[in-house]
Each structure stands twice: as structure tokens, then as C-alpha cells.
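Please keep the sequence and the 3D view open as you read.

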Amino acid sequence: MRESDAVDPALVDALVARVHACYGDTLQDPERLCWTVVHDYHHGAMPTEYDIREVDEALYLAVLERCR
């Protein structure tokens, strides 16, 4: 089973939509942008420059995969 199979597909869809709503369809740095949106989902705030709090890696990878 892939890690992305363990996450809620509806949540992934919602976060992918949020990535595109916030940053547009041309993603210059998809890794950072997807991580930022997943961070906001988990912690309730966009990260600051030095924010290194963890996010759900399986969710992040699923969102990143769908955005690519």
C-alpha cells in the first residue's frame, strides 16, 4: 500500500484546490507550496520563515503527487 492510499481522498482534493487557489496553476516550487498548505491545515496558520513544525508526511506526499 502506498502512503497516499492511507489519506482521505476528499481531503487531498480540498488541499490541492487550496494550493491552486492560493498560488495559481503554475507552481514554481510545488514542494514548498504544498507543504505550506498542509502546514496551514494541520496547525491553523501559515508557517513563518523559521517554522519547522511537523506535518503529516503521507498527506503532504499525496497533495504533492496530485499537484504534479
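## How the helices pack

Helix 2 passes helix 3 in a right-handed crossing. A crossing is called right-handed if the near helix is turned clockwise from the far one by less than a right angle, and left-handed if it is turned anticlockwise. Helices (H or I, at least four residues) are DSSP runs, numbered from the N terminus.

Before going further, a word on the model: it is predicted, so local features need pLDDT of at least 70 and side-chain atom pairs count only at pLDDT 80 or more, while totals for chains, interfaces and linings use all residues. Residues are numbered from 1 along each chain as its sequence is written, and side-chain values use heavy atoms, with hydrogens and water left out.

Two packed helices are described by the angle between their axes and the distance between the axes. Axes here are lines fitted to C-alpha atoms, for helices over the stretch in contact, and angles run from 0 to 180 degrees between N-to-C directions. The pairs are set out below.

| Helix pair | Angle between axes | Distance between axes |
|---|---|---|
| Helix 2 and helix 3 (residues 57–67) | roughly 135° | within 9 Å |
| Helix 1 (residues 9–23) and helix 2 | about 120° | 10 Å |
| Helix 1 and helix 3 | about 60° | 9 Å |

How do these angles read in words? Angles under 35 degrees count as roughly parallel, over 145 as roughly antiparallel, 65 to 115 as roughly perpendicular and the rest as oblique. The axes of helix 2 and helix 3 cross at roughly 135°, which means that helix 2 is oblique to helix 3. Helix 1 packs on helix 2 at about 120°, so helix 1 is oblique to helix 2. With an angle of about 60°, helix 1 is oblique to helix 3. Helix 1 passes helix 2 in a right-handed crossing, and the crossing of helix 1 and helix 3 is right-handed.

## Who touches whom

Contact means heavy atoms within 4.5 Å. Between helix 2 and helix 3, the contact is made by P30, E31, C34, W35, V38, Y41 and H42 on one side and L59, Y60, V63, L64 and C67 on the other. By class, these residues divide into 10 nonpolar, 1 polar and 1 charged. Ala, Val, Leu, Ile, Met, Phe, Trp, Tyr, Cys and Pro count as nonpolar, Asp, Glu, Lys and Arg as charged, and the others, Gly among them, as polar.

Helix 1 meets helix 2 through L11, L15, R18, V19 and Y23, which face L33, C34, T36, V37, V38, D40 and Y41 of helix 2. This contact has 9 nonpolar, 1 polar and 2 charged residues.

For helix 1 and helix 3, the contact brings L11, V12, D13, L15, V16, V19 and H20 to L59, A62, V63, R66 and C67. Its residues divide into 9 nonpolar, 1 polar and 2 charged.

## Residues worth a look

Buried means under 20% relative accessible area, exposed over 50%, and partly exposed in between (1.4 Å probe, protein chains only).

Start with L15 in helix 1. L15 is buried, with a relative accessible area of 6%. Leaving out residues up to four places away in sequence, L15 touches V37, V38, Y41, L59 and V63. L59, found in helix 3, is buried at a relative accessible area of 2%. L59 and L15 are 44 residues apart along the chain, with their C-alpha atoms separated by 9.4 Å.

In helix 2 you will find T36, which counts as buried at 8% relative accessibility. Not counting residues up to four places away in sequence, T36 touches Y23, M46 and P47.

H39 also has its place in helix 2 (residues 30–43), and at 0% relative accessibility H39 counts as buried. Leaving aside neighbours within four places in sequence, H39 is in contact with G44, A45, M46, P47, D51, R53 and V55.

## The cysteines

How many disulfides are there, taking a disulfide as a pair of cysteine sulfur atoms within 2.5 Å? By this rule the count comes to 0. For C22, the nearest cysteine sulfur is that of C67, 11 Å away. C22 counts as partly exposed, at 41% relative accessibility. C34 is in no disulfide either, with the sulfur of C67 nearest at 3.6 Å. C34 counts as buried, at 0% relative accessibility.

Conventions:
Disulfide = S-S within 2.5 Å. Helix = DSSP H or I, 4+ residues; strand = E, 2+ residues; numbered from the N terminus.
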